[in-house]
Structures are given as structure tokens and as C-alpha cells.
Amino acid sequence: MDLLPTFDGVHTAAGRLNGHAHRTPVMRSRLLDEEVGAQVFLKCENLQRMGAFKFRGAFNALSQFSPAQRRSGVVAFSSGNHAQAVALSARILGMPSVIVMPQDAPATKIEATRGYGAEVLLYDRYTEDREAIGQRLAQERGMTLIPPFDHADVIAGQGTAALELLQDHGPLDALFVCVGGGGLIAGSALSAHVLAPQCRVYGVEPAAGNDVQQSLQTGQRVHIPVPVTIADGAQTQQVGRLTFPIIQRHVHAILTATDAQLINGMRFMAAYLKLVVEPTGCLGLAAVRAMGAQLRGQRVGVILSGGNIDMARFCALLQNVPS
């Protein structure tokens, strides 16, 4: 089994990312603080390069390729944000990239991935196995496969978002992170465990796809059907084999949020902070607002994971749920 990443890996990744990734801003909202009764710090990874935290893990992984690996290039599979992150990182580092994406992925994510220079191959997420497709392509073309979350260098890179939040704003009492395959929360938990050991780390996944919550309850990785949710970045079917033990060790609890809560979070961010945040990016915010009084008087961090969503889709979602 591959060695699990450590905080040292996160710290080293931060050095590699310096000058390449944005040190994204942390925003506050007086209205949100009053609603929750806490000081809430919003880490805006929707303002990261290519619009999501995924750039951190992808660039950290690809930047360590050997000259031979760079010549052959990288293959990845993703519903969108990891796809764009790998494509952009490959472009920066001067290597070819092939990305396997579901045919129902948001059009803007497919277009952006192609725009970064990647070859995009589409598949049916309900009938085909993206991992098997990626492995076959890697073998046939001699490329290196970089998965979206279950890779030590990817996890370490993702952990730099929480690292920055804690470095820039000090210890937190609680940190809320969205959960798909677990790369972001695993890396975040590694950072929080060292920099703010008293901080409770909460993962938040879609109510329709709570495989990580089930996995923690049973003590083993649970596999579920593809979740039907607007949070397309969290439609994973099983937590990673590397991310799960880190979650077991360092995450306080896994919570869930409904699609309606995500839409209300998107509306809040657009109306009061003038930010476009995709549904997956609002998972942590939704949980904070739902917990409310339980967080009173605390310092609370939330990682807004991304902002990649079609504008027509964004507007349609906001119109379909009452305020």
C-alpha cells in the first residue's frame, strides 16, 4: 500500500506551489456571523487558478514528474475541476494531457479543459468505469495516471488551502470542508491537526451521496450508486483508500447537506459577498448555517472549494428554490 501523506508533505507542497497557485483571499460576512453567532472565515478557493482548489493537488503531483514522464504526459479522470486542474498544470509544465470526463459534466468545465490544451475523452458515468478507462489509456499511451483524490501528492497539495487559512487567520475551533473522494478534507485535516490541534474538522457531503458518512459508521469503505445531486464535484461512489484512514483518524464528523441548502448557500454568496460558488463549494457553508447556535462564540473556517458552474445553470438553480 502507498504511504499515507503527512503534514510535512503539505508543507513541502506549499513551497512547490509558491508563485504558481494563488494565495486565495479569506472573506468575512457580518450577516453570516450574526446568523450563526460565530466568526466565520471563508477561504475562497473559487478564486483559485482554474476556479477551484484542485489546482493545488494537480500541480504538486505533476511538478514532480521525471523528464521521461513529462515527455509522455499525464492522463486523469474527473467530473470537471480535477480535469481542468491537470490540464492547466500540464500546460504550465509543458506536457501533453488526456482527460476522461463524463459526458454529462458541465459544458463550461469540458470547454475549459479543452481550452487548457487537453485531449478530452467522454464517457457515460452511469454505465462505464472511468478508472478502468484511465488505466487503459495510461498503459496504451505510456502516460502517468493522476487520480482526482487517492494520491499522496494530490492530498498534500489540497491540504495547502487549510494551511494558508490557519497561517493567515490563526487557530480555529471548527473547520468545514466539502467531501467527495476525500482529498481536500484529508489534506485539510493534516494541516489542522498540526497547526490547530484543538480544531474540530467536519466533512460535508451531499445528503443523496453520504458514502463517507456510512463508511465511518461501518469502519470500512462503503460503495454507493452514483449520487443524484446538483453537487457534481461530490458525486463520487467511494471514499479513497488513502483518504479514508486520514479521515478516520483526524475528522470529527461527516455531515450532509441537501440540494436546497446548497442553492440557498449559492444565493447567499452571490447576494451578499458577490461571489459565484458552485453547488459543491457550498457544502461547508450549508452545514455551518444548519448548525447555527451550536457554533456560537467560536472561530469557524469554511473552504469554498470552487466556482465553476455554467451561468445559465447558476441562474436557473437560484430561481427554482424559494428564498
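The model is predicted, so to speak of local features we need pLDDT of at least 70, and side-chain atom pairs count only at pLDDT 80 or more, while totals for chains, interfaces and linings use all residues. Residues are numbered from 1 along each chain as its sequence is written, and side-chain values use heavy atoms, with hydrogens and water left out.

Let's start with helix H6, residues 107-115. Helices (H or I, at least four residues) and strands (E, at least two) are DSSP runs, numbered from the N terminus. In H6, Lys109, Ile110 and Thr113 are buried, meaning under 20% relative accessible area with a 1.4 Å probe, protein chains only. Down the axis of H6, the buried residues fall within an arc of 100°, so they line one face of the helix; the arc is that of the directions from the helix axis to the C-beta atoms. They pack against helix H5 (81-93), strand E4 (97-102) and strand E5 (119-123), with contact meaning heavy atoms within 4.5 Å. Just after H6, Gly117 has a positive phi of about 100°.

A pocket is an open set of points on a 1 Å grid over the protein atoms alone, where a 1.4 Å probe fits, with protein on both sides within 12 Å along at least five of seven lines; lining residues have an atom within 4 Å of a point. The largest pocket holds about 970 Å³, a volume being the space filled by probe spheres set on the points. Among its 46 lining residues, Phe77, Arg130, Pro148, Phe149 and Thr236 are the closest to its centre. H9 gives the largest share of that lining, three residues.

Note on methods:
Buried means under 20% relative accessible area, exposed over 50%, partly exposed in between (1.4 Å probe, protein chains only).
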